[in-house]
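Here is a briefing on one protein chain. Look over the sequence and the structure first, then read the points below.

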Amino acid sequence: MMALLHKTLAENLLLRIQDPEAKSADLNVARQFLKDNGIEALAVEGSPLSSLVATLPDFSDADFDVSELKAN
């Protein structure tokens, strides 16, 4: 029964985050599900995660200006 519940939840989360109208809350639930199940990812070269990491500012750079960040 627990395996079926886990599988069903995973399948439904996948459908929700694949929806172009997915909300940040949907993504957060999926993120927490992965974390709770010990699923981690490394940003290997050429992966979507690597592309995302490349867009982030380098906060360790002494010349980084926080005022350059856009508020959303």
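A surface patch here is made of residues with over 30% relative accessible area and no salt bridge, and nonpolar side chains are joined within 5 Å. The model is predicted. In this model, Leu 49, Leu 52, Val 53 and Leu 56 form such a nonpolar patch on the surface.

**The patch**
- Leu 49 sits in helix H3, which spans residues 48-54.
- Is Leu 49 buried or partly exposed? Leu 49 counts as partly exposed because its relative accessibility is 31%, and partly exposed lies between the buried limit of 20% and the exposed limit of 50%.

**Fold**
- The protein has three helices and zero strands.
- Along the sequence, the pattern reads α-α-α.

**Overall dimensions**
- The radius of gyration of the protein is 17 Å, whereas a compact globule of 72 residues would have one near 11 Å.
- Along the principal axes, the C-alpha atoms fill a box of roughly 55 × 25 × 20 Å.

**Surface and burial**
- Of the 72 residues, 7% count as buried.
- The protein has an accessible surface of about 6,600 Å².
- Carbon and sulfur atoms hold 61% of that accessible surface.

**Charge**
- The protein carries 6 positive and 12 negative charges.
- The mean positions of the positive and negative charges lie 12 Å apart.

Note on methods: Residues are numbered from 1 along each chain as its sequence is written. This is a predicted model: local features need pLDDT of at least 70, side-chain atom pairs count only at pLDDT 80 or more; totals for chains, interfaces and linings use all residues. Side-chain values use heavy atoms; hydrogens and water are left out. Patches are made of residues with over 30% relative accessible area and no salt bridge: like charges are joined within 9 Å, nonpolar side chains (Val, Leu, Ile, Met, Phe, Trp, Tyr) within 5 Å. Accessible areas come from the Shrake-Rupley method with a 1.4 Å probe; for residues, only the protein chains shown count as cover. A salt bridge is a side-chain nitrogen of Lys or Arg within 4 Å of a carboxyl oxygen of Asp or Glu. Helices (H or I, at least four residues) and strands (E, at least two) are DSSP runs, numbered from the N terminus. Buried means under 20% relative accessible area, exposed over 50%, partly exposed in between (1.4 Å probe, protein chains only). The radius of gyration is taken over C-alpha atoms; the globule rule is 2.2 Å times the number of residues to the power 0.38. Lys and Arg count as positive and Asp and Glu as negative; His and the chain ends are not counted. The place of a charge is taken as NZ of Lys, CZ of Arg, CG of Asp or CD of Glu.
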